[in-house]
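Dear colleague,

Please read them with the structure open beside you.

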Amino acid sequence: MPFRSKSCRFGAGALVATLALLGLQTLAGAVPNRPDFGPFIEEMPAYEGQTTCSPDPKPGVLSFERRVLKAYPDTSSLGISRGCDVGGTSEHKEGRAWDWGVNADVPSDKKEADEVISWLLAKDRFGNPHAMARRLGIMYIIWNRRIWTSWDGWKTYCVQRDAGCFAPGTKDARVPHTDHVHFSFTWEGALKERTFWHAAQTFVADVDVSPTGDGFWTAGRNGVVASSWGGSSYGSKGHGYLKKQVVDIATTPSGDGYWLLSRNGQVSSFGDAPRKGRVTQKPFTASGLSGTPSGRGYWVVGTGGRVFPFGDARFFGDLRNVGDSVVAISPSPTGKGYWLLSRTGHVAAFGDATFFGDLVVEDDAAVAMDSTPSGLGYWVVTNTGRVAAFGDAHSYGDLSTEELTSPVAAMTATPSGLGYWLVSAKGRIDQFGDAPPSQRRFVAPPAAARAAPPENFTPLD
């Protein structure tokens with residue numbers, strides 16, 4: 001299969017800043033400033049029972065408590081912490097469980113409790129099930145004699161009898177949870193290390209075409225990888241919050257693997273993508289990654305313009321000390337050269353790559369480029385959806401006249417060079433030329449298998 005060049009991008013700080021204020025919005029719309037998420041989401045929370053005693057309330061639980069009480073000021077908190085010598089095993093003793101004071105026998109209380117629980121377990125607009133519970137790291141909920149767990153859904157918690165409420169099929173008495181809702185959090189959720197607290201990590205980082213031309217791989221900033229055409233994933237880094245978010249993806253020539261590039265220069269290999277090294281220079285902020293035609297090497301470029309070759313990739317020059325932020329690298333078809341794209345739209349050619357022109361931008365920013373199969377042309381794309389064609393590249397349309405709800409984050413051309421896709425930060429997909437249709441809104445892959453607790457799991461209030 002012919003080798004395809006790559007488009008790359010680096011996250012926009014302004015976009016991250018607009019998401020700094022997060023808020024909880026229930027189905028009733030009680031609280032404004034709801035987090036504005038992209039399509040990428042972490043796996044279902046796995047069960048993590050109490051193993052230590054650290055009852056001080058953890059920040060994620062405290063924040064969730066405050067947001068719910070602000071949304072429903074007529075309700076109360078029955079507490080987060082519990083003494084180490086009180087009762088049996090409970091996440092309360094690690095400060096990562098909260099009891100919300102609502103009464104199932106009071107219609108208004110029951111309505112509010114059901115609203116919040118429905119909000120936590122509903123699908124989001126991308127089709128991700130249990131979206132808010134996953135983003136918050138809530139592993140189980142007990143309310144009104146029922147329990148929802150991330151691994152088994154809703155079950156009966158206890159059966160009401162004259163003598164009390166008992167676990168199904170046993171004589172074990174349980175608190176019916178009719179006067180409060182119990183929420184238990186994983187450690188990630190309790191420590192604010194889920195995407196609810198880092199909404200920018202849910203956005204698209206970059207895309208790269210499948211060699212068959214069926215579609216493209218998409219990487220989220222949180223390291224999750226999915227395809228636009230239903231192809232299988234070879235793995236990801238999307239198991240939770242990433243301190244160094246993913247900024248790029250590059251597929252191998254076979255299409256049976258890919259590399260992920262993190263902001264700190266770390267390169268992760270999946271499928272048949274070989275591991276050839278990572279950037280160890282510090283400080284370093286990575287912005288782009290491209291593989292060689294053989295698939296036995298790759299280049300990494302940083303925002304400062306420096307290029308690092310690995311494997312059979314060769315160094316042909318770079319833009320270090322130029323003072324213009326570099327956002328993308330695209331190799332020539334031979335692998336004996338490459339182009340670098342700056343945020344201001346300037347293109348620099350090295351090796352056998354030929355300069356065909358550049359795009360000077362003022363009110364927007366260049367975010368991606370890709371070359372034609374012949375290497376005699378390329379496209380430059382801005383965050384406003386403008387596509388500029390140079391050399392033998394042809395324009396098949398763009399989004400520059402549309403009012404976008406999120407900036408364009410990435411592009412990739414079809415193997416024929418007769419079309420391309422544009423993808424926004426929040427997952428909108430637009431195809432042009434011979435690019436086959438994809439879903440207009442990107443849907444992340446389904447949740448991974450959920451880690452169930454031990455057989456003797458007994459959630460305690």
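**Aromatic contacts**

One aromatic cluster is formed by Phe64, Tyr72, Trp98, Trp100, Phe183 and Phe185. Please keep in mind that this is a predicted model, and that a search of the whole structure finds 27 aromatic pairs in it.

One of these pairs brings together Tyr47 and Trp151, whose ring centres are 5.6 Å apart and whose planes stand at 75°, so the pair is edge-to-face. This pair links distant parts of the chain, since Tyr47 lies in the loop between helix H1 (13–18) and helix H2 (59–71), whereas Trp151 lies in the loop between strand E4 (146–149) and strand E5 (153–156), 104 residues apart. Tyr47 is partly exposed, with a relative accessible area of 22%, while Trp151, at 17% relative accessibility, counts as buried.

Within the cluster, Phe64 and Trp98 form an edge-to-face pair as well, with 5.9 Å from centre to centre and 85° between the planes. Here too distant parts of the chain are linked, Phe64 being in helix H2 and Trp98 in strand E2 (residues 97–101), 34 residues apart. Phe64 counts as buried at 1% relative accessibility, and Trp98 is also buried, with a relative accessible area of 0%.

Finally, there are two arginines to look at beside aromatic rings. Arg135 lies over the face of Phe37, at 4.3 Å from the ring centre, and the charged end of Arg174 sits over the ring of Tyr157, 4.6 Å from the centre of that ring.

Definitions and conventions. Residues are numbered from 1 along each chain as its sequence is written. This is a predicted model: local features need pLDDT of at least 70, side-chain atom pairs count only at pLDDT 80 or more; totals for chains, interfaces and linings use all residues. Side-chain values use heavy atoms; hydrogens and water are left out. Rings of Phe, Tyr and Trp (its six-membered ring) pair if their centres lie within 6.5 Å; planes under 30 degrees apart count as stacked, over 60 as edge-to-face and the rest as tilted. Helices (H or I, at least four residues) and strands (E, at least two) are DSSP runs, numbered from the N terminus. Buried means under 20% relative accessible area, exposed over 50%, partly exposed in between (1.4 Å probe, protein chains only). A charge sits over a ring if NZ of Lys or CZ of Arg is within 6 Å of the ring centre and within 35 degrees of the ring normal.
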